[in-house]
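Please look over the sequence and the model, then follow the explanation below. It takes up charged pairs, the backbone and the ligand in turn.

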Amino acid sequence: MSKKVPYVSRETVAEIAKTYPTPFYLYDEKGIRNTARLVNQAFRWNKGFKEYFAVKATPNPYLLQMLKEEGCGADCSSLTELEMSDAVGLKGHEIMFSSNETPVEDMQLASKLGVIINLDDITHIGFLEQVAGGFPETICCRFNPGGHFAIANSIMDNPGDAKYGMTRDQIEEAYRILIRKGVKHFGIHAFLASNTVTNEYYPELARQLFELAVELHRSTGADIRFVNLSGGVGIAYRPEQKENDILAIGEGVRKVYEEVLVPAGMGDVAIFTEMGRFMLAPYGALITKAVHEKHIYKEYIGVDACAANLMRPCMYGAYHHITVLGKEDAPCTYKYDVVGGLCENSDKFAIDRMLPKIDKGDYLFIHDAGAHGFSMGYNYNGKLRSAELLLREDGSVKLIRRAETPRDYFATFDFTDDFPKLKQY
Ligand SMILES: *Cc1c(COP(=O)(O)O)cnc(C)c1O
């Protein structure tokens, strides 16, 4: 059981809302820093360990900078993510570039910045050579073993249906080609299951990748410098779930490392991770206000945020715990659908959720929205993206992204004078 406790009180939110109206995202500096430190502690046994935060989870330069201060790098998937990582001062091998269906400009920027490029496919060897005019000394290849990914007979995910990575034969062939092209150092990367809530995922993945590393080193002679376990370490979105223990996970990976890599004479291979969700999800909340209530065939509470601010419930049916601030200890005796204002019936943050009686004006703290939350936002129905705020360790609040205004929404019409009124909003 992980008790879901908000990191702000109703009073604090009411105070913040005087300056920054709801809805807004609020991130918790203390939780983010503590987690980054714990991750580094968990893998301290590995000399070259580095966590490359998956920028797509929460692309905000203030948060990236904070993680950089804690020793993390960035994992980017696109041009703008590379630009943001560059802007916070991450350099060269502090950035991984794991893209797929990669546009020319993205690959060129990755090459220019000298980041570690993770090739998603064997055909990207020719693509990289063509668009960047050559190869860096160090390159990573993404592996997809196909089939199912299972732990103790229980299927976690289906890599065979995933579009990413190279087959076993292809990755070996890719290494041979790259060696001929002059590449000196190699990495292996795979992402085989998402949001895993078990301490066994990384160790099992590590075993597969370590064994592959030994085989590839023996068959091709490649100098393998790192194994990137990528993301996929999950969090307990539901209070009844058991949280992952990152120290146990690090220890599990260490055991496999000593079993597989050390005896093969590969005890200097660095471990990389690219966690997004585990690093940030619990330390970001969407805070929204109850603005309407409606009693028809069901009981509805309408809030001022919607799926355009947090898409996961609507898109995946994902559970996000909700706390009604100021009513933490009140009995959950009312059954509500908590809904946003999109013209989409799937715009529901909660369905048939037992909650305390909600009154208009109550603030709802939607938990675990710190990763894949704001970043998946969109502008459907002309809805505007909210602000992002950071709750500092000293209790102060810093604006780290302002809310969009209609002018932002209309900004891409700036080439035309056909509708002059749009410039006035
Ligand atoms: C999305 C992604 C991650 C992060 O995944 P989480 O589930 O947030 O840990 C890491 N690496 C790659 C390549 C990804 O696409």
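Counting side-chain nitrogens of Lys or Arg within 4 Å of a carboxyl oxygen of Asp or Glu, this predicted model has 27 salt bridges. One of them joins the side chains of E259 and R207, with 3.0 Å from N to O. The two partners come from distant parts of the chain, 52 residues apart. R207 belongs to helix α8, which covers residues 201-220, and E259 belongs to helix α9, which covers residues 246-261.

Two places in the backbone deserve a look. At the peptide bond from T22 to P23, the geometry is cis, and omega is near 0°. P23 itself is part of a loop, with α1 (10-19) on one side and β1 (24-28) on the other. D352 is not a glycine, yet its phi is positive, at about 50°.

The remaining topic is the ligand. Where does the ligand sit? The space that it takes is the largest pocket. Around the ligand there are 15 residues, and the closest are K56, G232, E274, R277 and H372. By residue class, the shell around the ligand holds seven polar, five charged and three nonpolar residues.

K56 uses its side chain: one of its polar side-chain atoms is 2.7 Å from an oxygen atom of the ligand. R277 takes part through its backbone, where a polar atom lies 2.8 Å from an oxygen atom of the ligand.

Note on methods. Residues are numbered from 1 along each chain as its sequence is written. This is a predicted model: local features need pLDDT of at least 70, side-chain atom pairs count only at pLDDT 80 or more; totals for chains, interfaces and linings use all residues. Side-chain values use heavy atoms; hydrogens and water are left out. A residue is near a molecule or strand if one of its heavy atoms lies within 4 Å of it. A polar contact is a pair of N or O atoms within 3.5 Å; within protein, one must be able to donate a hydrogen and the other to accept it, and residues adjacent in sequence count only if both atoms are side-chain atoms. On a 1 Å grid over the protein atoms alone, a cavity is a set of points where a 1.4 Å probe fits but cannot get out, and a pocket is an open set with protein on both sides within 12 Å along at least five of seven lines; lining residues have an atom within 4 Å of a point. A molecule sits in a cavity or pocket if more than half of its atoms lie within 2 Å of its grid points. Ala, Val, Leu, Ile, Met, Phe, Trp, Tyr, Cys and Pro count as nonpolar, Asp, Glu, Lys and Arg as charged, and the others, Gly among them, as polar. Helices (H or I, at least four residues) and strands (E, at least two) are DSSP runs, numbered from the N terminus.
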